[in-house]
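The stops below go from one selection to the next.

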Amino acid sequence: MDTGMSRETRDEPVEKGQEHAIDPDVKSRFLEDVIMNAKLWMTFMDSKGVVQIWNGAAEEITGYASGDVVGRNEVWRWLYPDPLYRAKVTGTIVERIRDRHSLENYETLVRTKSGETRRISWNTRGLSNPDGTMTGYILLGNDITEIAQVKAALKEREELYRNVVDTQKEFICRFRPDGTHLFVNDAYCRYFGMGRDEILGHRFRPDIPEEDREAVREFFAGLTPENPLGTIEHRIRMPGGAIRWQQWSEQAIFGPDGTLVEYQSVGRDITNLKNAEAAARESNERAIIFIKEAAMRLKTPVELVMENIGLLLEDLEEGDVDLQQLLLRLSIQVKSMEQIQVNLRDLNRAIVDQVDGLSPGSRRFLTE
Amino acid sequence: MPFSIRDMQENELFLFMASPKEIRKKNSDLIRMITENGYSVIVITSNQPYEVLKKSYEKNGIPMDRIHVLDTVTKYALGREPEPVENCRFVSNPGNLTDIGIAVTEMFKEVEGERICLLFDSVNAMLVYISSQNITKFVHFVTNKLRLLGFSGIFLAMEKGLDPDVFIQLTTFVDEVVDSDEALPPAQ
C-alpha cells in the first residue's frame with residue numbers, strides 16, 4: 001500500500017533529540033479526527049449536562065446528529081425518556097464521579113431517535129478545576145447491545161440446556177478412565193442418593209455385581225477412536241442392596257493423539273422394562289407349555305376315540321356286542337369326548353389370553 | 001430284533017409305543033405273551049372297559065385267572081357301581097389318581113409273592129382326563145412301587161401323541177423304550 005511518503009523519507013533514520021515538536025494545530029486536528037471518527041461513542045458535556053462534543057459514533061448509535069445536540073442538554077431527556085430511570089442514571093454518574101472521579105463499565109439502556117433501545121456500557125471521567133469545581137464529564141459509550149443479546153441468548157441456552165439435563169430422567173455423566181467424575185446431572189445424583197459434591201472429582205464407581213463385571217470391562221475395552229459409541233445393559237447393586245438394571249449409551253472421547261480422555265454417558269433405569277420382558281417371556285413360555293399340553297390332550301385322544309368307535313362298529317358287524325356292552329362302550333366314548341371338549345376350551349382360553357387384537361366376537365367364539 | 005417277554009428280566013420296566021390303531025391288539029398280544037411266560041398280569045385300563053378286555057382276551061385264548069384288572073372307565077361311564085367282578089376293581093373316575101393309587105397299592109399287596117407284570121393302558125387315554133404333569137408323577141409313583149416289589153411293567157403309549165419333553169421324562173422311569181415296529185410274536 002502506498003502511504004504517500006517517499007522512500008527517502010521512510011528510510012531516513014531519525015536520531016534521538018532530533019524530533020520536532022508537534023504542531024499544535026496538527027495535534028488538535030488529529031485528536032478531533034480521532035474523536036469524531038472513533039467507533040466508540042465519545043461525548044463531552046459540561047457540569048450542567050450541555051453537550052460540547054458529540055462524535056460520529058454517538059450520531060450513529062443514537063440517530064441524533066451533532067447539530068441537534070451540541071450546545072444543548074435536552075438529548076439526555078430524549079435518551080432517557082423515563083424520568084425515574086434518568087434520575088437514577090444521572091444520580092449514579094454524579095455520585096460515582098464525585099466519590100471516585102470515574103465510572104467504569106456502567107451499563108444503561110438508551111432510547112434512540114428511531115425508538116430502538118440500545119445497551120451502552122459507559123466509562124466516564126469527571127473533569128474539575130484545581131479548586132475541585134466540576135467542569136464537565138468525558139463520556140465514552142460502548143454499544144454492547146448485540147454483545148448483550150448474544151450473552152443473554154447464550155445464558156438462556158445454557159439455562160435451557162441445564163434445565164433439560166437436570167430435569168430429564170436419564171442419568172448423564174462424564175468421567176475419566178480412572179472413574180473420576182467430571183459432570184453428573186441431578187437425575188444421576190438422585191438415583192444414587194448422593195450429593196453432586198460427593199461424586200464430582202471423586203473416583204465414583206457404581207457397584208456392579210460380579211457376574212456382569214467382565215461384560216462391562218469388555219464393553220469399555222471395545223470402544224476405540226474408530227468405534228467410540230456403544231450401548232450396554234447391566235445390573236448394579238444399589239446402596240440398599242437392591243439389584244437394578246441400567247442401560248447406558250457410552251461415548252468414549254479420545255484426544256488428538258488417540259489417547260482416551262474421558263467417557264460421556266447417558267443412562268436410564270430399565271429394571272421395570274427387564275421385569276416386564278421377563279414376565280412376558282415367562283408368560284409366553286407358560287402359554288407354550290399350556291398349548292403343547294392342550295394339544296397333547298386333544299390330538300391322540302381324538303384318534304383314540306375314533307379308533308374305539310371303529311372297533312365297536314367292527315364288533316357290532318361281527319355280532320359280538322350285546323346292548324348293554326354297546327351302551328357302555330358308547331358311554332365311555334361320549335365321556336371321553338366331553339372331556340376332550342373341556343380340554344379344547346382350555347386351549348382356546350390359553351390362545352385368547354395370549355393373542356392380542358382378537359375381536360370380542362372372536363374371543364366369545366373361542367371361549368364360549 | 002422283535003420284542004419278547006423272554007428277554008424281559010424280573011423288575012424290568014418298558015415304555016411301549018404303538019399307534020392308536022394298534023393299541024387294542026398290542027394289549028392282547030402283550031397279555032398273551034406275558035401270561036405264556038408265567039406272569040400274572042395287573043392291567044390298569046383307562047381305554048377299554050373290563051368287559052371288552054375280557055372278551056378280547058378270551059377270544060385270544062388268554063386265561064382270565066392270571067389277570068387282574070383295575071378298570072377306571074366303566075364306573076365313570078355308567079355313573080353307578082357296576083356288578084362286582086372277582087378279578088376286577090372299578091374306580092370312580094380315570095382322573096382320580098388318589099383312588100387309582102390306593103387301588104393299585106392294594107392290588108399289589110394281594111398278588112405279593114406272585115410273578116407279576118403290570119400293563120398300563122394307556123398313558124394317552126389317561127391324558128384325556130389328567131395333565132401330563134400329574135400323569136408323569138403317577139407313572140413315577142407306579143414304577144417306584146414296581147421296583148420296590150420286584151415286579152415288571154409295561155406302559156403303553158401312543159406314538160406321536162406325547163410332547164417330546166413329556167416323552168423324555170417318561171423314558172427316565174423305565175429301562176427301555178420299545179417301538180411297535182419291533183413286532184411281537186403273532187397271536188396263536
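## Stop 1: the cavity

The largest cavity holds about 80 Å³ of space. The model is predicted. The count comes to one cavity of 30 Å³ or more. Select L304(A), N308(A), S336(A), S46(B) and N47(B): of the 13 lining residues, these lie nearest the centre of the cavity. Now show α12 (299–317) and α13 (323–354) of chain A, the elements that give two or more residues to this lining. The largest share comes from α12(A), with four residues. Colour the lining by class: eight residues are nonpolar, five are polar and none is charged.

## Stop 2: the interface

Display both chains. How many residues of chain B are in contact with chain A? There are 33, and they meet 25 residues of chain A. The two chains bury about 2,600 Å² between them, 56% of it on carbon and sulfur atoms. Select R24(B), K55(B) and V128(B). In chain B, these residues lose the most area to chain A, together 21% of what that side buries.

## Stop 3: the five-stranded sheet

Five of them form an open sheet, in the order β2-β1-β5-β4-β3, with antiparallel pairing. Which strands stand at the edges? They are β2 (51–54) and β3 (102–111) of chain A; each has a single partner strand, so one side of each is left without a neighbour in the sheet. Neighbouring strands are turned by 25 degrees against each other on average, direction ignored.

Zoom in on β1 (residues 41–46) and β5 (residues 134–143) of chain A. They pair in the antiparallel sense over six bridges. Pick D46(A): its bridge partner in β5(A) is G136(A).

Next, select H101(A), in the loop between α6 and β3 of chain A. H101(A) has a positive phi of about 70 degrees although it is not a glycine. Then move to N105(A), in strand β3 of chain A. N105(A) is not a glycine either, yet has a positive phi of about 50 degrees.

## Stop 4: the hairpin

Select β6 (residues 171–175) and β7 (residues 181–184) of chain A. These strands pair in the antiparallel sense over three bridges. F175(A) has H181(A) as its bridge partner in β7(A). The two strands form a hairpin with five residues between them. In the turn, check G179(A): its phi is positive, about 95 degrees.

## Stop 5

The largest pocket has about 530 Å³ of space. Its lining has 23 residues, of which F175(A), R205(A), I208(A), V216(A) and F220(A) are the closest to its centre. The elements that give two or more residues to this lining are β6, α10 (210–221), β8 (229–237), β9 (243–254) and β10 (260–269) of chain A. Which of them gives the most? It is α10(A), with five residues. By class, the pocket lining has 13 nonpolar, five polar and five charged residues.

## Stop 6: a cis bond in chain B

Bring chain B back and select D121(B) and S122(B). A cis peptide bond joins them, with omega about -5 degrees. S122(B) lies in the loop between β5 (116–121) and α5 (123–127) of chain B.

Technical notes: Residues are numbered from 1 along each chain as its sequence is written. Chains are lettered from A and ligands numbered from 1 in the order in which they are written. This is a predicted model: local features need pLDDT of at least 70, side-chain atom pairs count only at pLDDT 80 or more; totals for chains, interfaces and linings use all residues. Side-chain values use heavy atoms; hydrogens and water are left out. On a 1 Å grid over the protein atoms alone, a cavity is a set of points where a 1.4 Å probe fits but cannot get out, and a pocket is an open set with protein on both sides within 12 Å along at least five of seven lines; lining residues have an atom within 4 Å of a point. Grid points are joined across faces, edges and corners, and a volume is the space filled by probe spheres set on the points. Ala, Val, Leu, Ile, Met, Phe, Trp, Tyr, Cys and Pro count as nonpolar, Asp, Glu, Lys and Arg as charged, and the others, Gly among them, as polar. Two strands pair if DSSP finds at least two bridges between them. Axes are lines fitted to C-alpha atoms, for helices over the stretch in contact, and angles run from 0 to 180 degrees between N-to-C directions. Contact means heavy atoms within 4.5 Å. Buried area is the accessible area (1.4 Å probe) that two parts lose on being put together, summed over both.
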